[in-house]
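Work through the exercises below with the structure open. Try each task before reading its solution.

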Amino acid sequence: MIHDAQLDYYGKRLATCSSDRTVKVFDVLDGDTTRTSGGQTLKGHTGPVWQVAWAHPKFGQILASCSYDGKVLIWKEQPGQGNQPAVWSKVKEHTLHTASVNSISWAPHELGAILACASSDGKLSVLTFKNDGQWDAQFFNAHAIGANAVSWSPAVQPGSLITPQTQTIPGQQPLPSNSGSSVKRFASAGCDNLVKIWAYRDDSQSWVEEETLDGHTDWVRDVAWAPSIGLPRSYIATASQDKTVLIWTKDTPTSPWTKTALDPAGSVIPPAGGLSSIPAGKFPDVVWRVSWSLAGNLLAVSCGDGKVTLWKENLKGIWECVSDMNA
């Protein structure tokens, strides 16, 4: 069974991972995948591989994978000698976790080569590639029972797009501005029904729990922080075992997070002479994954009934289902 499939930054390569304990890399040509020659099956895990994640190409051809075996492996494509094809090799084996590593996510490239990992041991870890070529690992408790997913916030500060540009007066230093600063921050989803937001504190050189989002009544299966171009509002989508998807909204950096539940019942045409069988605010089955479009204005929701739905916020601030696809 294939558990994950991810295109690289340019959409030219597809990485997949499977219960057969391998990762496979395909070239994508004219919309079709072709198995490339020369070492494109990556073997190193001893259990099912749950997720793969491509690093930004500025760091090279780097791919991370996480598995039931409790390991996170980082792979790099090395150029071949002479006419030999390029070869993938393992450059880092992260083994601090004591249970299945369920999710991995690379930070925005502006922050550096940083990988967040979530594990069933209830802990999160953050791997950071240092200038000396070594990997630094930070490891901390996060969720009781286990952590299921991680998602980074955009590197762009909320509101930076409309913040007035700093005026430079001749002969004087420019006034300080926060619009260009980047904060390391990510969200995690857990089996304690909670979503937690973590921020990196430079003064203590550690990750601290910044906020807790409490709204689900069962395990939170996935979390996705929406991309941003610098508008003031921030969005986080969460999917849960309780058959709901919540959209968390923060209007300004100092505002509290507010939640809105997607309502599939309001988007379903009831059968003739009857009411919709879906309770308000509930999906037909467990919701496994949520994913934002690159612009951050369209949300894809993957449900256990085999259907993927696309959601968009209308001008009145109401989330509507604009498309659905059967798997």
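**Exercise 1.** Find the residue that stands opposite Leu124 in β13.

*Solution.* This is a predicted model. Go to Leu124. Its opposite number in β13 is Phe140. Now widen the view to the strands. β12 covers residues 123–129 and pairs with β13 in the antiparallel sense, over seven bridges.

**Exercise 2.** Give the strand order of the open sheet that four strands form, and name its edge strands.

*Solution.* Trace the order: β10-β11-β12-β13, with antiparallel pairing. Next, look for strands that pair on one side only. These are β10 (101–106) and β13 (135–141), the edge strands. Finally, take the twist from one strand to the next: it averages 20°.

**Exercise 3.** Describe the hairpin of β16 and β17.

*Solution.* Start with the strands. β16 spans residues 194–201 and β17 spans 206–214; they pair in the antiparallel sense over eight bridges. Then inspect the turn. Four residues lie between the strands, and Gln205 has a positive phi of about 55°.

**Exercise 4.** Which members of the largest nonpolar core touch the most other members?

*Solution.* The core has 17 residues; Val245, Leu262, Trp292, Leu299 and Val301 touch the most other members. Now check Trp292. Leaving out residues up to four places away in sequence, its contacts include Trp225, Tyr235, Ile247, Leu299 and Trp319. A second, separate core has 16 residues, among them Leu111, Ala142, Trp198 and Trp207.

Key:
Residues are numbered from 1 along each chain as its sequence is written. This is a predicted model: local features need pLDDT of at least 70, side-chain atom pairs count only at pLDDT 80 or more; totals for chains, interfaces and linings use all residues. Side-chain values use heavy atoms; hydrogens and water are left out. Two strands pair if DSSP finds at least two bridges between them. Helices (H or I, at least four residues) and strands (E, at least two) are DSSP runs, numbered from the N terminus. Axes are lines fitted to C-alpha atoms, for helices over the stretch in contact, and angles run from 0 to 180 degrees between N-to-C directions. A nonpolar core is a set of buried Ala, Val, Leu, Ile, Met, Phe, Trp, Tyr and Cys residues joined through side-chain atoms within 4.5 Å. Buried means under 20% relative accessible area, exposed over 50%, partly exposed in between (1.4 Å probe, protein chains only). Contact means heavy atoms within 4.5 Å.
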